[in-house]
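Please open the structure in your viewer and keep the selection tool at hand. The stops below go from whole chains to single residues.

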Amino acid sequence: MLRTRVIPCLLLKDRGLVKTVKFRDPTYLGDPINIVKIFNDKEVDELVFLDITATVENRRPPFDLLSKITSECFMPLGYGGGVRHLEDIRKLLNLGVEKVAVNSYAVENPLFIKAAADQAGSQSIVASIDVKANRLGEYEVYTHSGQKATGLHPVKLAIEMEEQGAGELLLNSIDRDGTMQGYDLELIRQVSRAVTIPVVASGGAATIQHLAEVVKQGGASAAAAGSMFVFQGPRRAVLISYPSSQELRATFGD
Amino acid sequence: MLKKVSAASAISSDPAIIEAADKLILPGVGAFDDGMKNLTERGLTELLNVQVLQRKKPILGLCLGMQLFTRRSEEGQLPGLSWMNAETVRFKFDEPNPQLKIPHMGWNTLQIRHPHPLLADLGADARFYFVHSYHVSCADVGNVLAETNYGYDFASVVVRENILGAQFHPEKSHKFGMGLLKNFAERV
């Protein structure tokens, strides 16, 4: 039986790992290679790395760092940040990255998703969608690490991304990011219902119950989390953790 | 990962290196016809036929690599290597089920049908990472070493004499995949 994936989502900034709250105030966690080694020892299902300053600084992906990371990674790895060239996608996949996430450029040029899926196969192309409530209280897609409003509703963009050939959606709630108050189930539900490709929910998880909730009630295929796997206790001390395989099986019943 | 199991290995399409190797691994991602075309254009089809069918070198096909061992695939037009009496077919479910997305992607387990050194001592909790829309369907159930359930049971590890195939990605499957590659390097 296929198991529900639980995915640590790690943020890169200036070659270090950080964790944000509502996409702001990055707290430094440590060296990415060390942290990958720890997650590798914990046998995580999958890892996602997002370079949160690549697009805003108009940089391409940090290939040399990613090549060090993939040589320590014996699990599937996703990467997002500054991806706007087919050549870069090819390079990332050759480095051993399993999935490439496109965010800002997917909004600017949706046909890029189609070209990327034609070249690499849908299973390797993830459309990453960042959402927050706008001044009217409606869900709206933001790009450039949450800095740029697009006027798009996430459901509309999700459907378009599926049509262009994205194999998976990474759906992030900016309002819940780092808050550890649980996922935005309403957002996840709206998007999951609108598409047939897997939706990976992100933003807000603090407990294993949150992970179960977003799958069972939100309709997500997989649960991603940041703070939950890197912080410990009310003072948010940096400590890498991940539920055991037994805990996950008991939670998801698979 | 092969380095971690202390197996000397080289990634190569060079006929001399392939001839000199004791064992071969045929990995593969992408489409069936592209895979066959790549092998043919590099002049490797004939070479592999000699190495595998006449010299009986152990070969392990992974994912698309395993599918290329079959006669044909619903994914393409070109004939496969036809080393196994099997075809590659797309996942097809009797009833549409939104939970059964294609590709079958993620961690799943093996039900071992026949014991084999390749699958020895992997542990009761062994799980492997899969990403595929097509799977191998064997005419001879004797060729099926292990099955995996996704909507129904499909062949996830196959064998014919020195020819072995796994549908999942051991290189992405933590210590479980490492165990399988170590078995291939040391016990097969």
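The tour begins with the chains, then turns to a helix, the cores, a loop residue and the contact between the chains.

This is a predicted model, in which local features need pLDDT of at least 70 and side-chain atom pairs count only at pLDDT 80 or more, while totals for chains, interfaces and linings use all residues. Residues are numbered from 1 along each chain as its sequence is written, chains are lettered from A, and ligands are numbered from 1, in the order in which they are written.

**Chain A**

Select chain A and colour it by secondary structure: there are ten helices and 14 strands, where helices (H or I, at least four residues) and strands (E, at least two) are DSSP runs numbered from the N terminus. The radius of gyration of chain A, taken over C-alpha atoms, is 17 Å, close to the 18 Å that the globule rule gives for 254 residues, so chain A is as compact as a globular protein of that length; that rule is 2.2 Å times the number of residues to the power 0.38. Its C-alpha trace spans about 40 × 40 × 40 Å along the principal axes. Buried residues make up 51% of the 254 residues in chain A, a residue being buried if 20 or more other C-beta atoms lie within 10 Å of its own, exposed if 12 or fewer, and partly exposed in between, with C-beta atoms placed from the backbone.

**Helix H1 of chain A**

Next select residues 32-41 of chain A, which form helix H1, and show the side chains of its buried residues, Pro32(A), Ile35(A), Val36(A) and Phe39(A). These residues cover an arc of only 105 degrees around the axis (the arc of the directions from the helix axis to the C-beta atoms), which puts them on the same side of H1(A). Among the elements that cover the buried residues of H1(A) are E1, strand E2 (16-21) and helix H2 (63-72) of chain A. After H1(A) comes Glu43(A), whose phi is positive, near 55 degrees.

**The nonpolar cores**

Which residues touch the most other members of the largest nonpolar core? Select Leu47(A), Leu169(A) and Ala223(A), which do so within a core of 79 residues; a nonpolar core is a set of buried Ala, Val, Leu, Ile, Met, Phe, Trp, Tyr and Cys residues joined through C-beta atoms within 7 Å. Strand E1 (residues 5-13) of chain A gives the most to this core, with six residues. Leaving aside neighbours within four places in sequence, Leu47(A) is in contact (C-beta atoms, placed from the backbone, within 7 Å) with residues including Ile7(A), Leu10(A), Val36(A) and Phe39(A). A second, separate core of 47 residues includes Leu39(B), Leu62(B), Leu122(B) and Leu180(B).

**A loop residue**

Now select Leu239(A), in the loop between strand E14 (237-238) and helix H10 (245-252) of chain A. Is Leu239(A) buried or exposed? With 12 C-beta neighbours inside 10 Å, Leu239(A) counts as exposed. Beyond its neighbours within four places in sequence, Leu239(A) is in contact with Phe231(A) and Gln232(A).

**Chain B and the contact**

Finally, select chain B, which has five helices and eleven strands, and in which buried residues make up 41% of the 188 residues. The contact with chain A takes 20 residues from chain B and 16 residues from chain A. On the chain B side, the largest share, five residues, comes from E5(B).

Note on methods
Contact = placed C-beta atoms within 7 Å.
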